[in-house]
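Have your viewer open and try each task before you read on.

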Amino acid sequence: MSARAETWVWIVQRATAAILAFAVIVHLVTIVYAVRHGLSAAAILARTSGNPWWLGFYLIFATAASLHAGIGLRVIARETTSWRGASLDGAAFAVAFAILVTGWRAAIGLFA
């Protein structure tokens, strides 16, 4: 991968970290609110189901998580093994894509 491409990968890793920091805080605050108000899982689903804002939030959350994890695993593999090149990039992409698909399926299944 070229130096320019590596720079963009680095930028995406940092940008997704910022998105994840915000998303995790919102997610945890929501959980604390639900617990403190005695909401059941059914009550939470009733409030979020069909809400396009929550769907959008969790689609963005899943996308950021998949990109961040795929890039992070690629970096870990490069730093701890001799694995390099297109096969490593392809494996990292496959992991990121699998996380993306499962995250989106979960979000769509719960909110749509």
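**Exercise 1. Sort the lining of the largest pocket by residue class, then find where the lining comes from.**

Step 1: The lining of the largest pocket divides into 15 nonpolar, four polar and one charged residues. Here Ala, Val, Leu, Ile, Met, Phe, Trp, Tyr, Cys and Pro count as nonpolar, Asp, Glu, Lys and Arg as charged, and the others, Gly among them, as polar.

Step 2: Turn to the helices, which are DSSP runs of H or I with at least four residues, while strands are runs of E with at least two, numbered from the N terminus. At least two lining residues come from each of α1 (3-36), α2 (41-48), α3 and α4 (86-111). Helix α1 gives the largest share, six residues.

Step 3: T30, I44, T48, Y58 and F111 are the closest to its centre among the 20 lining residues.

A word on terms: on a 1 Å grid over the protein atoms alone, a pocket is an open set of points where a 1.4 Å probe fits, with protein on both sides within 12 Å along at least five of seven lines, and lining residues have an atom within 4 Å of a point. Grid points are joined across faces, edges and corners, and the volume is the space filled by probe spheres set on them.

Before going on, note that this is a predicted model, in which local features need pLDDT of at least 70, side-chain atom pairs count only at pLDDT 80 or more, and totals for chains, interfaces and linings use all residues. Residues are numbered from 1 along each chain as its sequence is written, and side-chain values use heavy atoms, leaving out hydrogens and water.

**Exercise 2. Describe the second largest pocket in the same way.**

Step 1: The second largest pocket holds about 320 Å³ of space. Its lining has 16 residues, and L67, I71, A92, F93 and A96 are the closest to its centre.

Step 2: Helices α1, α3 and α4 each supply at least two residues of this second lining. By class, the second largest pocket is lined by 11 nonpolar, three polar and two charged residues.

**Exercise 3. Describe the fold and its overall dimensions.**

Step 1: The protein has four helices and zero strands, in the order α-α-α-α from the N terminus.

Step 2: The C-alpha trace spans about 50 × 25 × 20 Å along its principal axes. The radius of gyration is 17 Å, whereas a compact globule of 112 residues would have one near 13 Å (taken over C-alpha atoms; the globule rule is 2.2 Å times the number of residues to the power 0.38).

**Exercise 4. Why does the end-to-end distance of helix α3 agree with its residue count?**

Step 1: Helix α3 covers residues 52-80, which is 29 residues, and at 1.5 Å a residue it should span 42 Å. The expected span is 1.5 Å times one less than the number of residues.

Step 2: The end C-alpha atoms of α3 are 42 Å apart, so the two values agree.

**Exercise 5. Is F57 buried or exposed, and what about A17?**

Step 1: F57, in helix α3, is buried because its relative accessible area is 14%. Buried means under 20%, exposed over 50%, and partly exposed in between (1.4 Å probe, protein chains only).

Step 2: A17, in helix α1, has 31% relative accessibility and therefore counts as partly exposed.
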